[in-house]
Amino acid sequence: MAHPAPPHVQSAQAQVAAALQQVEGKPVDLLKVPWSEVEASAIKLLGGAFQVNNPNHQGLALGLAGAFAERMATEHGAFWFPNRDSPEGATLGFPDAIIMLSPFGAVMDALSQGKLAKLEDLAADIRKSLAQVKFAPGATQSLGASGPKMGPADYQRLFDPGFLQFVVLDSAKAKTAFETKPDALARDIRDALGRTQLPPEARQQFEGQIVQSLQRLDPSHALAEQMDRAPRIAELMGHMFATVGGTGAAPEEFWGEIVLPLLFIGSPQNFPPVDEEEIGAFTQGAPPLALFVDVVPHTVQAPEEGLLGTFEQSDLSLLHPGFGKVGALRLIKVNSDRIKPLLANFDPNKTVDAVRRFTKYMEEKSGKGAPPNPQNEEMLKAATVLLTDLKKAVETKGDVCLRRLTEAEAASEQAVAVVRQALNGPRIILS
C-alpha cells in the first residue's frame, strides 16, 4: 500500500490475524476470505454479541478495518490520509473520485448489525460509484480515466481540519443565526453574494456548497434543531453571521508548538544552559525560534495537559446547546481568562528581541554563527502577527472561540470575509 495505514491500525490488524489463527487453528486470510466467513471466526473472538463500548471489541473492529482498507487499496488504489475528524486519525481516499471512507466506522456499523457481509455491499457501492465516474461523459477531462488523480495531499488539504484560528462571535448574532430557519439563512447569503464583487466562480462555489446545503435541510425547523445533520454548515453560519474579530489561520502544530509557547515564555533576559545535542541542532541549521521555545522555560506555567497546551478541559464549552449533539466539533467556545494577562503584556518587538538575543547566545555557545535560515524569519514574523491578532481578539466584546478548518477552507477565508462583510453591513434600498 503506497500510503500505509496508521501504525495503530497496522498493529490491530496483525493482532486480529494472530487471534483468528489461534482460534481456528489455521491462518485466516483477511484480504481474500469472504466477510461472511471472517464473521464466523470473529464471533468466536467476541464471545457473544458485538458491544460498541467494549475496548476488546473495538480492537477487533479496528483490525478488520485495516484489512478492509487494504482490500480497497488492492482493488482501487485507495490510500490513507490524515484526518483529525476520524476516530482512526486517518480516513481512506480514492484517486479516481472524491470518495471518503472510514473503514473503522464501516466495520463498527456492520458488526453492530451482526452482518459483516455488509462490507461486501459497501465495496460493491464503491465499485459502482467509481465506474460511473470512469465512464461518465467527459471523464477523461476530469477525475478518472486518464485525467488527473487525487492523492493523499489533495484529500488532506480538502478534508483534514489541520488549521486553527481564533474568532470572536457576537453572542446575540450567533444565537439569532442558530435559531433561524435554514431557508432564511440561504436567502440572506444569496442576497449578500449579490452585493459583493466576488468573481462568478467564487459566487458559484458559495451557491453550490453553502446555499444548496442549507436548502437541503428541513425548512420548517431552526438550524439549531438540525446541527447533528449538518454540523459544518452550522459552525460556518455562526462564523459568517456573528464573527466580529479574530486571527488568521495557521496549522495546528504551529499554534501549539511555536505561537502559544512564545506567549508563556515571554521575553526573558537570561537563558538556561544548553547541552551538546541542542548546540549540535543549532549548528546543523535548526531554526533558532524552534530551539527557543524548546529550550527556554515558561515564565508563566501552562497547563501540563490540555488543548494546545493552553486550555484545560474546563476552559472549553459549547457555543450553543445544539452543538451537544455533534461528535467532532470544529467551533468551540474557550475561556480566555488564562491568556488575557499574558496577551496584555505581549510586545512583538520584545519577543523578536528575545529570539535575536537567544540566537546570539547560541552562537556564543557553539562558537559559530547561525546558518542562514529564511524559514526562521518567516516563522517569527507569522507568530508575532498571530499573537498580535489574538491580543486584539480577546479585547473584543464577544465569545472567544477556537475554529478548526481545512487548508482549503483557510485559503478561502478571504472570500468568506467579503460575504461576512456584506451580511453584516448596511443594505442600500433603492426606492
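Modeller: Start with the term: a pocket is an open set of grid points where a 1.4 Å probe fits, with protein on both sides within 12 Å along at least five of seven lines. Keep in mind that this is a predicted model.

The largest pocket has a volume of about 850 Å³. Its lining is made of 26 residues. Closest to the centre are Q209, R232, L236, T406 and E409.

Next, the elements behind that lining. Helices α6 (152–159), α9 (200–215) and α10 (231–242) are among those that give two or more residues. So are strand β9 (399–405) and helices α17 (407–411) and α18 (413–424). Helix α9 gives the largest share, with six residues.

For contrast, look at the second largest pocket. Its volume is about 200 Å³. It is lined by 13 residues, and G266, S267, L342, N345 and F346 are the closest to its centre. Helices α11, α14 (340–345) and α15 (348–366) each supply at least two residues of this lining. The largest share, three residues, comes from α14. By class, the lining of the second largest pocket has six nonpolar, five polar and two charged residues.

Conventions:
Residues numbered from 1 in each chain as written. Predicted model: local features only at pLDDT ≥ 70, side-chain atom pairs only at ≥ 80, totals over all residues. Heavy atoms only, no water. 1 Å grid on protein atoms, 1.4 Å probe; cavity = no way out; pocket = protein on both sides within 12 Å on 5 of 7 lines; lining within 4 Å. Points joined across faces, edges and corners; volume = space filled by probe spheres on them. Helix = DSSP H or I, 4+ residues; strand = E, 2+ residues; numbered from the N terminus. Nonpolar A, V, L, I, M, F, W, Y, C, P; charged D, E, K, R; others polar.
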